[in-house]
Structures are given as C-alpha cells and as structure tokens.
Amino acid sequence: QVRYLSDTIDDFRNFFKESKSKQEFFIEEAIDKGVSLLRKQFEQSSIVIEIKNRCERTLLYTYKNELTQVLLNILHNSKDAFEANDMKNKKIIIDCTKDDENLIIKIEDNAGGIPEDVISKMFEPYFSTKKEKNGTGLGLYMSKIIINRHLEGSIFAKNIDKGASFTIKIPIKIKNRGV
C-alpha cells in the first residue's frame, strides 16, 4: 500500500515534468505492473481479474509509467464501483488486441455500470461521484489527457450488459532504429 501511494505521488509529480522520456517496452509489462500494484486490494475485495492478452510481445515506444497510471485509475474506479454497489461474483476483464496501427485495451467489469447522467461528464476535471470518499475528480480527467495528448490515442467508456467498459486505443509506434 505504501509503495503504491509513493509511486502514485511520484507519477503525479512526474506528470507535470517535461523531462519525461519515452521508452521501449512490451504491453504486458504495463498491464502486469498495474494489476500487481492492486492485486492485494483486489484479493481482499474478492475481485477476480482475467487478462486476455492477444497482443503479447507487442513492442511499444511511449510513456510506460503514464499508461500504467491510466490502467491503475480505471482498475481502482472499478474496485470502488464494486464496493459502492456491494456486488457478488466481482470480475474485471482486461482484453488487449491490436489492428494494423493500434493497440486496443478494453477493461470491462460487472460492477453495475455508469449512471447515464454521469457517463458524459466523467472525463471532465473535478467531476467526482466519490466526494464522500475524498474523490478529487482528477483521475479520469488525467487519464484522458495522458491518452489523448501524451500517447496520441483515445479513450472512451460505455455501459455493457452488467457493468462498464473502458476502451483505450493507442498507436503502435516503435523506436526509430535508423532502418
């Protein structure tokens, strides 16, 4: 928990620094890091995580820590939704696929979905449904900034059968090796 909080503080601090550098990494590294940071909390809350990684060994050249932070924000919001709705058989599926140009990460839960009056505002700054839990309304806003501006991709959310689905689409770019 302490390490997670320390890393979160560092990530927020580094978010505003211009000295960030892109790095080459495999997508499963970012997914595994995000899941491992929350694994204990998920186990304590009886949340099952299923990872369907159909883009294993896909090499990216971008901001790994920022992508991990986005995954953490979404996963943490799913955990909060499970707690708020007191759900049973809690499950989150992380599904990674790709097309010719993009990596597509879908994160789906069965936590009851996003209220219709909230879904259109949830990426706005300072909008939070968790005021009583000290929600700042910055997590999803920062996630959208990271995905749109820093990773040059897109993020959106929609309701599915018994929960919510977040889709992150980022271009597959590799480091220019002079070839």
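Modeller: Apart from its neighbours within four places in sequence, N102 is in contact with T97, K169, I170, P171 and I172, where contact means heavy atoms within 4.5 Å. N102 belongs to strand β5 and is buried, with a relative accessible area of 16%. Buried stands for under 20% relative accessible area, exposed for over 50%, and partly exposed for what lies in between (1.4 Å probe, protein chains only).

A word on what you are looking at: this is a predicted model, in which local features need pLDDT of at least 70 and side-chain atom pairs count only at pLDDT 80 or more, while totals for chains, interfaces and linings use all residues. Residues are numbered from 1 along each chain as its sequence is written, and side-chain values use heavy atoms, with hydrogens and water left out.

Now the setting. The protein chain holds 5 helices and 7 strands, both taken as DSSP runs numbered from the N terminus (helices H or I, at least four residues; strands E, at least two). Along the sequence, they follow the pattern α-β-α-β-β-α-β-β-α-α-β-β. Of the 179 residues in the chain, 40% are buried. Among contacts with a separation of 6 or more, 72% are between residues 24 or more positions apart.

Let's go to the nonpolar core, meaning a set of buried Ala, Val, Leu, Ile, Met, Phe, Trp, Tyr and Cys residues joined through side-chain atoms within 4.5 Å. The largest one has 39 residues, and I27, L67, I105, F166 and I168 touch the most other members. Two or more residues come from each of α2, α3, β4 (90-98), β5 (102-109), α5 (139-150), β6 (154-160) and β7 (163-171). Helix α3 gives the most, with 7 residues. For I168, the contacts beyond four places in sequence are V70, L71, I74, L103, I104, I105, I147, S154 and I155.

Helix α3 also packs against two other helices. Its axis and that of α2 come within 9 Å and cross at roughly 35°, with α2 covering residues 27-44 and α3 residues 64-85. Axes here are lines fitted to C-alpha atoms, for helices over the stretch in contact, and angles run from 0 to 180 degrees between N-to-C directions. α2 passes α3 in a right-handed crossing; a crossing is right-handed if the near helix is turned clockwise from the far one by less than a right angle, and left-handed if anticlockwise. On the α2 side the contact includes I27, I31, L38 and F42, and on the α3 side L67, L71, L75 and K79 are among the residues taking part. The residues of this contact divide into 11 nonpolar, 5 polar and 4 charged. Here Ala, Val, Leu, Ile, Met, Phe, Trp, Tyr, Cys and Pro count as nonpolar, Asp, Glu, Lys and Arg as charged, and the others, Gly among them, as polar.

Look at I31 of helix α2. I31 is buried, with a relative accessible area of 3%. Beyond four places in sequence, I31 is in contact with I51, L71, I94 and C96. I31 and K64 lie 33 residues apart in sequence and 9.8 Å apart in space, C-alpha to C-alpha.

Next comes the pair α3 and α5, which pack at an angle of about 145° with their axes 9 Å apart. This crossing is left-handed. E66, L67, V70, N73, I74 and N77 of α3 meet G139, L140, S143, I146, I147 and H150 of α5. They divide into 6 nonpolar, 5 polar and 1 charged.

N73, in helix α3, is buried at a relative accessible area of 12%. Setting aside neighbours within four places, N73 is in contact with G139 and S143. A polar contact of 2.9 Å joins the side chains of N73 and S143. The term means a pair of N or O atoms within 3.5 Å; within protein, one must be able to donate a hydrogen and the other to accept it, and residues adjacent in sequence count only if both atoms are side-chain atoms.

N89, in the loop between α3 and β4, has a phi near 50°, positive in a residue other than glycine. At 70% relative accessibility, N89 counts as exposed. E152, in the loop between α5 and β6, also is not a glycine and has a positive phi of about 60°. E152 counts as partly exposed, at 44% relative accessibility.
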